[in-house]
Amino acid sequence: MVKKITSNVYLSAIFVFLYAPIFALILFSFNDSKSMAKWQGFTFKWYQELMHNEAILSALRTTILVAVVASIAATIIGTISAIGIHKMKGAKKSVLLNINYLPVLNPDIVTAIGLMSLFIFLNLDLGLGTMILAHITFDIPYVVLSVLPRLKQLPQNIEEAAMDLGAKPMYALRKVILPQIKPGIISGFLIAFTMSIDDFVISFFNTGSGVSNLSIEVYSMARRGIKPEINALSTLMFVSVLVLLLLANKRQPVNK
């Protein structure tokens with residue numbers, strides 16, 4: 001009993017440590033003062049000013065555009081790659097898996113400088129296009145790692161069984177394989193989307209002048225002081241993700 005209470009206390013302390021900064025951010029998004037050092041009253045003015053802050057809104061639009069395009073492209077490429085890797089055997093499969101692990105284990109700064117050097121070598125102008133390409137590149141390994149476990153759980157020779165029943169290879173892929181690995185594909189897409197929104201280092205090194213996402217915008221603000229509108233935007237993003245998670249969990253059947 002004592003051990004159970006102690007473990008619950010430790011667990012509660014961990015959750016408080018994780019979420020206390022987020023709750024502080026949400027609280028001060030309603031603070032009437034620009035400073036987070038003291039509370040001066042409740043207000044919604046930072047949410048109103050957020051709607052008129054074109055720099056932040058432009059960075060938000062760029063962030064969402066890059067994240068959506070990159071995650072969709074990475075999900076398609078990563079799923080196809082995972083299926084191909086799953087079909088391989090022996091040394092080739094091991095080599096490709098190790099290559100896939102490299103971008104995940106590499107420090108972001110190494111990947112960012114490597115991609116930037118490649119774009120410069122190819123005489124590509126750094127901007128929105130190179131940022132999207134960079135995000136697609138570092139998102140693909142996460143999709144592969146999300147889809148592969150689902151492929152390993154499939155019954156052996158399921159594709160051959162479908163073709164024995166008259167299905168063409170592409171039909172078997174669309175109607176048999178993809179529905180079975182759909183949870184892994186969705187997980188890979190969500191991870192890619194989250195990584196793309198969260199990324200700073202790769203975006204910073206692979207974008208041009210006049211193109212910035214939220215992370216770059218916040219970094220540039222940090223030199224002059226973070227505006228309270230960022231607290232309001234972060235609160236809206238947090239609430240949006242929380243609502244989506246609650247709706248997704250509500251749709252899932254509860255196992256009794």
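## A loop residue with positive phi

N123 is found in the loop between α5 (108-121) and α6 (128-152). The model is predicted. Phi of N123 is near 60°, and N123 is not a glycine. Most residues other than glycine have a negative phi. N123 has a positive one.

Is N123 buried or exposed? Its relative accessibility is 67%, so N123 counts as exposed.

## Overall fold

The secondary structure is helical: twelve helices and zero strands. Read along the sequence, the pattern is α-α-α-α-α-α-α-α-α-α-α-α. Along the principal axes, the C-alpha atoms fill a box of roughly 70 × 65 × 35 Å.

The chain has 256 residues, and 33% of them count as buried. Take the contacts between residues at least 6 apart in sequence: 70% of these join residues at least 24 apart. The accessible surface comes to about 16400 Å². Carbon and sulfur atoms account for 68% of that surface.

Which residues form a nonpolar patch on the surface? They are L11, I14, F15, F17, L18, Y19 and F23. Together they have about 760 Å² of accessible area.

## Charge across the chain

The chain carries 22 positive and 13 negative side chains. The centres of the two sets lie 11 Å apart.

Some of the positive charge gathers in a surface patch made of K34, R223, R224 and K227. K227 lies in the loop between α11 (214-222) and α12 (228-251). With 37% relative accessibility, K227 counts as partly exposed.

## Two salt bridges

How many salt bridges does the structure hold? There are two. One joins the side chains of D32 and K45, with an N to O distance of 3.4 Å. This pair links distant parts of the chain, 13 residues apart. D32 sits in the loop between α1 and α2 (45-50), while K45 is in helix α2. D32 is partly exposed, at 31% relative accessible area. K45 is partly exposed too, at 27%.

E54 and R61 also form a salt bridge. Their closest N and O atoms are 2.5 Å apart. E54 has 47% relative accessibility and counts as partly exposed. R61 has a relative accessible area of 48% and is likewise partly exposed.

T63 has its place in helix α3, residues 54-87. Buried or exposed? T63 is buried, because its relative accessible area is 3%, and the cut-off for buried is under 20%.

Which residues does T63 touch, leaving out those up to four places away in sequence? The partners are I197, N213 and L214. T63 and L214 are 151 residues apart in sequence. In space, their C-alpha atoms are 6.2 Å apart.

P228 is found in helix α12. At 7% relative accessible area, P228 is buried.

Setting aside residues within four places in sequence, P228 is in contact with K34 and W46. K34 is also one of the residues in the positive patch, along with K227. P228 and F28 are 200 residues apart in sequence. Their C-alpha atoms are 7.9 Å apart in space.

Terms used. Residues numbered from 1 in each chain as written. Predicted model: local features only at pLDDT ≥ 70, side-chain atom pairs only at ≥ 80, totals over all residues. Heavy atoms only, no water. Patch = residues over 30% accessible without salt bridge, like charges linked within 9 Å, V, L, I, M, F, W, Y side chains within 5 Å. Areas by Shrake-Rupley, 256 points an atom, 1.4 Å probe, with all protein chains shown as cover. Salt bridge = Lys/Arg side-chain N within 4 Å of Asp/Glu carboxyl O. Helix = DSSP H or I, 4+ residues; strand = E, 2+ residues; numbered from the N terminus. Buried < 20%, exposed > 50% of the residue type's maximum accessible area, 1.4 Å probe, protein only. Contact = heavy atoms within 4.5 Å. Lys, Arg positive; Asp, Glu negative; His and termini not counted. Charge placed at Lys NZ, Arg CZ, Asp CG, Glu CD.
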